[in-house]
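Have the sequence at hand while you read.

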Amino acid sequence: MKQDKEVWLRGETIDGITPLLQPVAHAMLQAGEELAIIMQNFPDNLLWSKPAGCASPGFHLLHIAGVLDRLLTYAEGNKLTEAQLEYLKQETEAPDLSVSALEHQCQQQIQATLNRLKHFSPGILTHQRSVGRAALPSTIIGLCTHAAEHTMRHIGQLMVTVKVLKYQSPF
């Protein structure tokens, strides 16, 4: 699965996504590739472990999927639904889901994000959008960029947490 070059260095473009959002798409694809490697053979019994009080791998997986959906909802000019708000409340809980189920959910949301990016034409990327109940100001391109960087931040945290857990609990 591991490629010699990171996605952004492969010279590939994702059909239907404006060149201005290709870096966002590349980050999403990179996140998906790294996620598959990080979670390979990770045991279900460590999914909700919090080494040194850090967020659990389960949280990172739930949060990546949830935040991508929420940020793209804002970018599309919509408010969050009750289901999205309920999902947000449950991100820190330990649902009865396996590593593979959570990884699959996260990978599906990455693909959904790529599909949603196709709906943003270059001419609207600087359109204003409001974020959250406080209606904080942003733009479509700002929200999409934040989706990419936030996802990669959590992928990095997930990578370290999983390595620590594997080291502490060889399986």
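Which element gives the most to the lining of the largest pocket? That's H2, with four residues. Keep in mind that this is a predicted model.

**The pocket**

The largest pocket has a volume of about 380 Å³. It is lined by 17 residues, and Tyr74, Leu80, Val131, Gly132 and Arg133 are the closest to its centre. Two or more lining residues come from each of H2, helix H3 (82–90) and strand E1 (128–131). Here's how the lining divides by residue class:

| Class | Lining residues |
|---|---|
| Nonpolar | eight residues |
| Polar | five residues |

**The core**

Now for the nonpolar side of things. The largest nonpolar core has 41 residues, and Leu21, Met39, Leu61, Leu117, Phe120 and Cys144 are the ones with the most contacts inside it. At least two core residues come from each of helix H1 (22–38), helix H2 (57–75), helix H4 (99–117) and helix H5 (140–168). So what does Leu21 touch, once its neighbours within four places in sequence are left aside? Its partners are Leu117, Phe120, Leu125, Ile141 and Cys144.

**A loop residue**

Last stop: Ser121, which sits in the loop between H4 and E1. Is Ser121 buried or partly exposed? Ser121 counts as partly exposed because its relative accessibility is 36%, and the buried class ends under 20% while the exposed one starts over 50%. The C-alpha atom of Ser121 is separated by 9.6 Å from that of Pro19, although these two residues are 102 residues apart along the chain.

Notes: Residues numbered from 1 in each chain as written. Predicted model: local features only at pLDDT ≥ 70, side-chain atom pairs only at ≥ 80, totals over all residues. Heavy atoms only, no water. Core = buried A, V, L, I, M, F, W, Y, C linked by side-chain atoms within 4.5 Å. Buried < 20%, exposed > 50% of the residue type's maximum accessible area, 1.4 Å probe, protein only. Contact = heavy atoms within 4.5 Å. 1 Å grid on protein atoms, 1.4 Å probe; cavity = no way out; pocket = protein on both sides within 12 Å on 5 of 7 lines; lining within 4 Å. Points joined across faces, edges and corners; volume = space filled by probe spheres on them. Nonpolar A, V, L, I, M, F, W, Y, C, P; charged D, E, K, R; others polar.
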